[in-house]
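Could you open the model in your viewer, so that we can walk through it together? Keep the selection tool handy.

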Amino acid sequence: MKEVRVRFAPSPTGALHIGGVRTALYNYLLARKHNGKMILRIEDTDQNRYVPGAEQYIKDALKWAGIEIDEGPDIEGPYTPYRQSERKEIYAKYAQQLLKEGYAYYAFDSADELEAMRNRLKTQKGANPQYDSTTRMEMKNSLTLIEGEVNEKIKNGEPYVIRLKVPASEEVELIDLIRGKVTVSTSQIDDKVLMKSDGMPTYHLANVVDDYLMKISHVIRGEEWLPSAPLHVLTYKFLGWENEMPAFAHLPLLLKPDGKGKLSKRDADQMGFPIFPLNWTDPKTNELAEGFKERGYLPEALINFLAFLGWNPGTEQELFTLEELCNAFDIERIGKAGAKFDIQKANWFNQQYLRAKTDEELGHILMADLKVNGIDCETERANAIANALRERITFPKDIAELGKIFFIAPQSFDEKIASKKWNEEAIAVMTSLKEEVKKSDELTAKTAASVLEKTTTSLGIPQGKIMQALRLALTGGASGPDLMITMALLGSDEVSSRLTYALNTLGGK
RNA sequence: GGUCCGUUCGUCUAGGGGUUAGGACACCAGAUUUUCAUUCUGGCAACACGGGUUCGAUUCCCGUACGGACUACCA
């Protein structure tokens, strides 16, 4: 089998979209599965849309996601350079070849002239106005102008583009690994611009030339490229590379969570979830878009989630490490239909991966978060708190959020619970408990339980009736980790003082 | 409008000519937890529609509907 070489070819026009991460991931998975190579190619042929920092962002994002690049802009490889803007002459050379062999032609039409042509054709019923075999002879190009005129214009520096001369009516066939055979008539394809007037190639020329030169074996890209894929096939043929053509796989799109359509930043903003892997500040508007990373998503969780949006292993295993994904991945098992982006499922994955961490790892996160707020905590205690909280967290920040009760005594109390549970019985138990608790110097979950039991039985009050009140007094809230563990973590002095405060504030004596 | 692609629970999906159409998320209920969460058990819930082909179609074929992508000197 031919060496598997795949490429992820983003355009540095802004932050990397989450859908782009998935495309990169599928490429990476295929490469790793077959011990092949993953290539990063920067498609920066549109100088107008170039955004400084975007390329670095893309690299950083892939790195964070765990997607390693084997060849790319700053990783040595046999087919440098990997930035298309640095390969201008290469494309020009192949454009010349096409020109010479009659597969392409010069065109001098201005933007206004093109628009006029489209407007003229639009009025005709059902017609699809395009620059193609039916219209090219009415336009200003090397097919309609005499040779001398063409040379003159070029010599005079008149702007021109090079267009592909698409045959009038031929069936172009393409085998897509996901969709099977796709057939399109060339009558539906227009004479696409290959070289722009600024001397840069368009995507259509550049991707074909580079994929061929870089010996790409599989082109895995979004479904939005499917309509132009036949054009690319045609280009391979005209360049004489039909036999070396890569295999194509067009991925289903990531759709909006509700309604239909491609997932966009707007949707994400509206639904309150990120769309970019990392924080991104738009250099034009200075607007900051929070990334998945900063929001607290673990890369392994996001990757696992993304992998399952459009692909599945056919087994009932849901949790996959990146390595397991590499082994299990199979293009054949990619679905055909678009997948709606359900952030709840992503949250679930995040929870799974977060819980799988050790107390030490979680404790470390807690300590770091506390430090930001000027709170110090010993490692051992942080680990114990992490352990108590581990089943209740979805994001790393939840540990500090839920764990702050261990460092900050409640100033106020949940009124609903207070009115419901803070009664005479509760007051009696708390009053007694605050004294009893002081007697045991080492408060553990076990001793806390026995002290509480002793107190309640001596007062003849069932424990269940005052548990909520106790939690309220200790934490100010109605939910949290195991109460006995909470007491142990607080220590007898703190328990006692919080009970005192609660009695003073909520009433008692 | 034209071209291409698609359509199994609310969501991600498995399956595939004869199945009680399976799993996961979410949701709901019960159990456990002397509290909330966790956990466990259970429940709700799907083959877009119409024609064929066939003994039999959710599965194959054709239409229809619906949805999406594309339709630039953007990628």
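Select helix H19 to start: H19 gives the largest share of the surface near RNA strand B, 5 residues. Here, near says that a residue's C-beta atom, placed from the backbone, lies within 6 Å of the strand. Helices (H or I, at least four residues) and strands (E, at least two) are DSSP runs, numbered from the N terminus. This is a predicted model, in which local features need pLDDT of at least 70, side-chain atom pairs count only at pLDDT 80 or more, and totals for chains, interfaces and linings use all residues. Residues are numbered from 1 along each chain as its sequence is written, while chains are lettered from A and ligands numbered from 1 in the order in which they are written.

Next, show Ser-11, Glu-43, Lys-260, Gln-463 and Gly-464, which come nearest among the 62 residues around RNA strand B. Elements giving two or more residues to this surface include helix H4 (111-122), helix H12 (343-355) and helix H18 (445-459).

Now colour chain A by domain, with bounds from an automatic or database domain assignment: domain 1 is 5-73 + 206-255, and domain 2 is 88-195. The C-alpha centres of domain 1 and domain 2 lie 25 Å apart. Their contact (C-beta atoms, placed from the backbone, within 7 Å) takes 14 residues from domain 1 and 18 residues from domain 2.

Last stop: centre on Leu-366. Leaving aside neighbours within four places in sequence, Leu-366 is in contact with Ala-382, Ile-385, Ala-386, Ile-399, Ala-400 and Gly-403.

Methods:
Contact = placed C-beta atoms within 7 Å.
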